[in-house]
Amino acid sequence: GTNLFYYSLWQPTMSHLYSFFLINGFLWISLESLRNWNAGRAFTMGILLGLILLTRPTNIIVIMLIPFLAGDRTTLRCFLSDLRAKPKAALVFSITFAALCAIQAAAWYVQTGRLLLWSYGHEGFHLASPAIYSVLFSFRKGLFIYTPLVLVSLTGLILLFLKNKMQFFTISGFLIVATWIIAGWWNWYYGDGFGLRAFVDYYGVFAILLALVMNMFHTRAGIAAMLAMLIPFVVLNLVQTWQYTHRVIQPNSMNLEKYRYVLMRTDSAAINCLGGVREIADYGTDLAHPVKLLFNDFETTPGNWSTFTQVKTGSAYSGKTAGYLDPEHQFSSGVAIRASGLGRLPASFFVAGEIMVRDSVAGASNRSLVVLSMDSIRPGENWWQGFLLNDTPQNTAGKWRRCTFSLMTPEIANPGGLLKIYIWNTGRKPVLVDDFAVRIYGKGR
């Protein structure tokens, strides 16, 4: 019922599967240690917590769950007393944990001469403005959208509030901190992947809450009602897993329109049917000061734009003329700008664009592509990227609609490279385009 299934079978080299195992192991041994603290369990706790920190450092917050596992203040006080009364066990834990942590520091020192290193380079957190709503509810990657079983499990918090206030506040505090950290990462949807993968690590915690809910149902009717509620979510997850592995669901650019269009679809026509790219700008991109603002209203030929075929039409979106694409004119006027005009190189740039589109016949633009390309982006390397102009296949004609896109370019190193951005009408049916706008952003100084 979760995307743990996907990451176990299709992307097992990512850290989340191993963090899931380590965190659950740590919770289990912590529960055992709360009952009987000794050197053996201290050693196991030290190993697991050290591996948790090495695998994904932010997961160290799992220690916040020890009061939840204790269940009451008396048990927690007894455990804290045991820590003082059995210093040998506490020393075993400390040495084991420190030895595990030292592995990474030693590797960094051997390779770089530094004991501590921020291995993510120029990436970081936006903890003052975390994207909490998007992380939980967005159709791009929202946790509750692609793993609704987690939302069901949260009803267990109501039971805890009624039965054990200490457990309610401690696990709620943990979930708030975990969500804040996950949502605070600059790329809140964590790039390509199925669902919000950063939460996979904590599914064991959500499973405890779900178990509390399921434990309420003892009669046959109650169990049947619970299964009737849970099984559809399991089926939804399995269908969406199939969709993702068969390129029906996009890896990072879903929205409500796309989600509704492919919901529960497994027919061949749904494969690769979605278009549009909606990447966010890299960490540190200066979105307040674009390096280039480019606009083509198709009335004249502006600088930095290729020539185009004008057509005088009373149906232009603005002005008197629009661009016309047909079998004889497959390519629209597009941006054509030297890399040297973008600023200091080598560098990557964030490109955001929009264009008004009108199909002369129904579905005329369904095979049209947005193309970005550059010859010799670096010595011996060319770059070309094309994706469907329409988010979903269209079946209307005679109406203007706005198509948008945004993405990061690879690192551009060649000042003489020519960046091109245009529409390619591979379907060759008649399409009108107008008011083509492109914004290009660089990294802040």
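**Buried charges, a helix and a surface patch**

Arg 401 and Asp 359 are both buried, meaning under 20% relative accessible area, with exposed being over 50% and partly exposed in between (1.4 Å probe, protein chains only). The model is predicted, so local features need pLDDT of at least 70 and side-chain atom pairs count only at pLDDT 80 or more, while totals for chains, interfaces and linings use all residues. Residues are numbered from 1 along each chain as its sequence is written, and side-chain values use heavy atoms, leaving out hydrogens and water.

Arg 401 and Asp 359 form a salt bridge, with their closest N and O atoms 3.7 Å apart. This pair links distant parts of the chain, Arg 401 in strand 8 and Asp 359 in strand 5 (residues 350–359), 42 residues apart. A salt bridge here is a side-chain nitrogen of Lys or Arg within 4 Å of a carboxyl oxygen of Asp or Glu. Helices (H or I, at least four residues) and strands (E, at least two) are DSSP runs, numbered from the N terminus.

The structure holds nine salt bridges. Another one joins Asp 391 and Arg 278 at 2.8 Å, N to O. Asp 391 counts as buried because its relative accessible area is 10%, and Arg 278 is buried at 18%.

Glu 32 and Arg 41 also meet in a salt bridge (3.5 Å, N to O), and Arg 35 is linked with Glu 32 and Arg 41 in a network of salt bridges. Arg 41 has 21% relative accessibility, so it counts as partly exposed.

The buried residues of helix 3 include Ala 42, Met 45 and Leu 49.
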